[in-house]
Amino acid sequence: MSLAYAYPKSRFEPATLVDLNSRTERERLSQSALKGFFRLTAAWGVRDDDARELLGGLSSSSFYDWKKNPDRVLEVDRITRISYLLGIYKSLHILYGDKLADEWVQLPNTNPIFAGRTPLAFMLGGGLLAMQSVRRLLDARRGGL
């Protein structure tokens, strides 16, 4: 007799994860990701130099080319960065009114992870891992934790 544990049956079906290593998936997501990123940076009032850094360090010429023509295929790292930022944007707009949600990344924050800096400065200094931390913080707040 097997005493293996089994999950109870339910109607919940987990979403299939997107395989960002698949070029086809990156082709499908890249243009809309870039358009969303540029709208997000405009809403947050992020300077172009900082926006380039949020993308992982991009030359000025490439940045403006991408802004003018977002029809390209991004690398996994850049799509992941944009995904975190869009998740942060969404969480902020769920938690706060539109005005505060768009200002939040530019405001000094007393949360210990920011050490008195703005969330934007924290993300610029810490890169992808900092973006992940901010996303997790906001998701936890949104979930009532």
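Analyst: A salt bridge is a side-chain nitrogen of Lys or Arg within 4 Å of a carboxyl oxygen of Asp or Glu. Side chains of opposite charge can pair when their charged atoms come close. The present case is a predicted model, in which local features need pLDDT of at least 70 and side-chain atom pairs count only at pLDDT 80 or more, while totals for chains, interfaces and linings use all residues. Residues are numbered from 1 along each chain as its sequence is written, and side-chain values use heavy atoms, with hydrogens and water left out.

User: By this rule, how many salt bridges are there?

Analyst: The count comes to 10 salt bridges. One of them joins the side chains of lysine 67 and aspartate 48, at 3.5 Å from N to O. Lysine 67 belongs to helix H3 (residues 60-68) and aspartate 48 to helix H2 (residues 48-54), so this pair ties together parts that are 19 residues apart in sequence. Helices here are DSSP runs (H or I, at least four residues) and strands likewise (E, at least two), numbered from the N terminus.

User: Which residues does aspartate 48 contact, leaving aside its neighbours within four places in sequence?

Analyst: Contact means heavy atoms within 4.5 Å. With those neighbours left aside, aspartate 48 is in contact with Phe63, Tyr64 and Lys67. For phenylalanine 63, which is 15 residues from aspartate 48 along the chain, the two C-alpha atoms are separated by 8.4 Å.

User: Where does arginine 81 lie, and is arginine 81 buried or exposed?

Analyst: Arginine 81 lies in helix H4. Its relative accessibility is 11%, so arginine 81 counts as buried. Not counting residues up to four places away in sequence, arginine 81 touches Glu53, Leu54, Leu55, Gly56, Gly127, Leu128 and Met131.

User: How is the packing of two helices described, and at what angle do H1 and H4 cross?

Analyst: Axes are lines fitted to C-alpha atoms, for helices over the stretch in contact, and angles run from 0 to 180 degrees between N-to-C directions. The axes of H1 (residues 23-44) and H4 (residues 76-95) come within 9 Å and cross at roughly 50°. Angles under 35 degrees count as roughly parallel, over 145 as roughly antiparallel, 65 to 115 as roughly perpendicular and the rest as oblique; H1 and H4 are therefore oblique to each other.

A crossing is left-handed if the near helix is turned anticlockwise from the far one by less than a right angle, and right-handed if clockwise. The crossing of H1 and H4 is left-handed. Residues of H1 in this contact include Leu34, Phe37, Leu40 and Trp44, and those of H4 include Ile82, Leu85, Leu86 and Tyr89. By class, the contact of H1 with H4 has 14 nonpolar, two polar and one charged residues, where Ala, Val, Leu, Ile, Met, Phe, Trp, Tyr, Cys and Pro count as nonpolar, Asp, Glu, Lys and Arg as charged, and the others, Gly among them, as polar.

User: What are the corresponding values for H4 and H6, and how do the residues of their contact divide?

Analyst: The axes of H4 and H6 come within 9 Å and cross at roughly 40°, and the crossing is left-handed. The residues of this contact divide into 11 nonpolar, six polar and seven charged.

User: What does the secondary structure of the chain come to?

Analyst: The chain has six helices and zero strands. Buried residues make up 34% of its 145 residues.

Technical notes. Buried < 20%, exposed > 50% of the residue type's maximum accessible area, 1.4 Å probe, protein only.
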